[in-house]
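Student: I have a model open and would like to talk it through with you. Could we start with the terms and then work through the strands?

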Amino acid sequence: MVSERNRLFTILIALFIVCEAMAVRPKIGLVFGGGGAKGAAEVGVLKVLEEAGVQVDYIAGTSIGSIVGGLYAAGYTAKELETMFQTQEWLSLLTDRKASLSNEPYQTINGVTYIFGFPVMDRNSNIFGVMKGESVEQMLDSMLSVKGCKNFESLQIPFSCVTADIRAAQEVVIFKGSVSKAMRASMSIPGIFKPVKLDDRLLVDGGMLNNLPVDVCRKMGADIVIAIDLQQNEQKPRKQTDLSMLSSLADLLGFGGILEWVTNRPDIEKYLENRKKADIYIHPNLPDADASSFGNKNAARMIQAGVVAAKQQLPELQRALIDK
C-alpha cells in the first residue's frame with residue numbers, strides 16, 4: 001500500500017514538473033512578411049531557426065509570406081521549402097502561362113488573349129486582374145494534401161493568413177477553411193491577379209494593408225514574435241488627406257475603400273508600428289532583388305541572405321527567451 005502511494009506520488013510530481021516546464025516556456029510566433037520572390041530569404045531564416053532548435057508555436061503570413069508560412073505550418077521543413085524555391089517554374093505557375101502557346105506571338109482563345117503563352121487580357125471578366133492564379137493554387141493544394149493539411153484545422157502549427165477586402169480596403173485575417181484558397185487570396189496583387197471571392201468579399205494581397213502582421217501573431221498568443229521583413233525601401237508615414245468631399249461619391253460607386261488606401265496609404269503606418277512591436281526583427285539584405293526575382297540562382301542567393309540575417313539575430317533571440 002505504501003509503495004503504491006509512493007508510486008502515485010512520484011507520478012504526480014513528474015506531471016507537475018512537466019506542466020511547470022510547459023507553462024514557463026514562452027510561446028514563439030513567427031511572422032512572414034510579403035515580398036514576392038524575396039520570400040526565398042524567409043526559407044534561409046527557417047534553416048537557422050531549425051538548426052538552433054527554436055520551436056514555433058504560431059505563424060502569421062502575408063502574400064509570399066503566407067505561402068512560406070502556410071507550408072511550414074503544414075509540416076514542410078526548411079530543406080523541403082528550399083528545394084521548392086529552387087526547382088519550381090514560378091514564372092509559369094504565377095502567370096498561368098500556357099506552355100502549348102509559348103511559341104505563339106499572339107493568340108486569342110475563349111476570349112482570353114495570350115502573348116507567347118502569357119494571358120494579357122480576358123474579355124469575359126469584369127473583375128480587375130488578368131491572372132487567375134489557378135496553377136499556383138493547384139500546386140499549393142497538392143503540396144498541402146501530401147501533409148494531410150488542406151484545412152486550417154489540420155495544420156501542425158496554428159496559422160493566420162492575411163488578406164484584404166479590395167472594395168472596402170479592410171484587412172481580413174483567415175484562420176479557417178481552405179488553406180490553399182487563403183494563400184491564393186493573400187498573394188493576389190491587385191490589377192495582376194483576379195481577386196478571390198469569399199462569402200461577400202473580394203480578397204486580394206494582404207500586403208495592401210498589413211505586410212508584416214506582427215499584431216496578428218501577437219493576438220494568436222505569441223509571447224515572443226520573430227518578424228521577417230522583406231521590404232527593402234524606406235517607408236515614411238504620409239500626411240493624411242481629408243476625403244470628405246469625395247467619400248460619398250466613392251462609396252456610392254463601390255470604391256470608397258480604394259480611394260482611402262491610394263490617398264493615405266494606411267498600410268505604411270501599420271507596417272512601421274509592427275516593426276517596432278516585433279521582439280526579434282530579421283531584415284535580410286536584398287538590395288538587388290525585387291518581387292519578380294525568381295530562378296535558381298536568385299533563390300540560392302536570397303536564401304543565403306536570410307541565413308546571414310537570422311544568425312545576426314540569434315543572440316538577441318536567446319536573450320529574449322531567457323528574459324521571458
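Tutor: Let us begin with strand pairing: two strands pair if DSSP finds at least two bridges between them, and strands themselves (E, at least two residues) and helices (H or I, at least four) are DSSP runs numbered from the N terminus. This is a predicted model, in which local features need pLDDT of at least 70 and side-chain atom pairs count only at pLDDT 80 or more, whereas totals for chains, interfaces and linings use all residues. Residues are numbered from 1 along each chain as its sequence is written, and side-chain values use heavy atoms, with hydrogens and water left out.

Student: Okay, how many bridges join β6 to β9, and which way do they run?

Tutor: Three bridges join β6 to β9 (residues 201–205), and the two strands run antiparallel; within β6, threonine 163 stands opposite aspartate 205 of β9.

Student: And in what sense do β6 and β7 pair?

Tutor: Strand β6 (residues 159–165) pairs with β7 (residues 170–174) in the antiparallel sense, over five bridges. Cysteine 161 stands opposite isoleucine 174, and aspartate 165 stands opposite glutamine 170. The hairpin of these strands has four residues between them, and alanine 169 takes a positive phi near 50° there.

Student: What about β2 and β6, parallel or antiparallel?

Tutor: Those two pair in the parallel sense over four bridges, and glycine 61 has cysteine 161 in β6 as its bridge partner.

Student: So is β6 buried or exposed?

Tutor: Seven of its seven residues are buried, so β6 is largely enclosed by the rest of the structure; buried means under 20% relative accessible area, exposed over 50%, and partly exposed in between (1.4 Å probe, protein chains only). In a regular strand the side chains alternate between the two faces of the sheet. Here Phe159, Cys161, Thr163 and Asp165 point one way from β6, while Ser160, Val162 and Ala164 point the other way, and all are buried.

Student: Switching to threonine 62, where is it?

Tutor: Threonine 62 is in strand β2 (residues 58–62), and it counts as buried because its relative accessibility is 0%. Not counting residues up to four places away in sequence, threonine 62 touches several residues (contact means heavy atoms within 4.5 Å), among them Phe32, Val162, Asp205 and Pro213.

Student: Now aspartate 229, which loop holds it?

Tutor: Aspartate 229 lies in the loop between β10 (224–228) and α9 (244–253), and at 2% relative accessibility it counts as buried. Its side chain reaches the backbone nitrogen of glutamine 231 at 3.0 Å. Leaving aside neighbours within four places in sequence, aspartate 229 is in contact with residues including Tyr271, Arg275 and His283.

Student: How far apart are the C-alpha atoms of aspartate 229 and phenylalanine 32?

Tutor: They are separated by 7.1 Å, although the two residues are 197 residues apart along the chain.

Student: How many disulfides does the rule count?

Tutor: The count comes to zero disulfides, where a disulfide is a pair of cysteine sulfur atoms within 2.5 Å. Cysteine 149 is buried, with a relative accessible area of 2%, and cysteine 217 is buried too, at 0%.

Student: Last one: how many helices and strands are there?

Tutor: There are 12 helices and 11 strands in the protein, and 47% of its 324 residues count as buried. Of the contacts with a separation of 6 or more, 72% come from residues 24 or more positions apart.

Technical notes: Polar contact = N/O pair within 3.5 Å; in protein donor to acceptor, adjacent residues only side chain to side chain.
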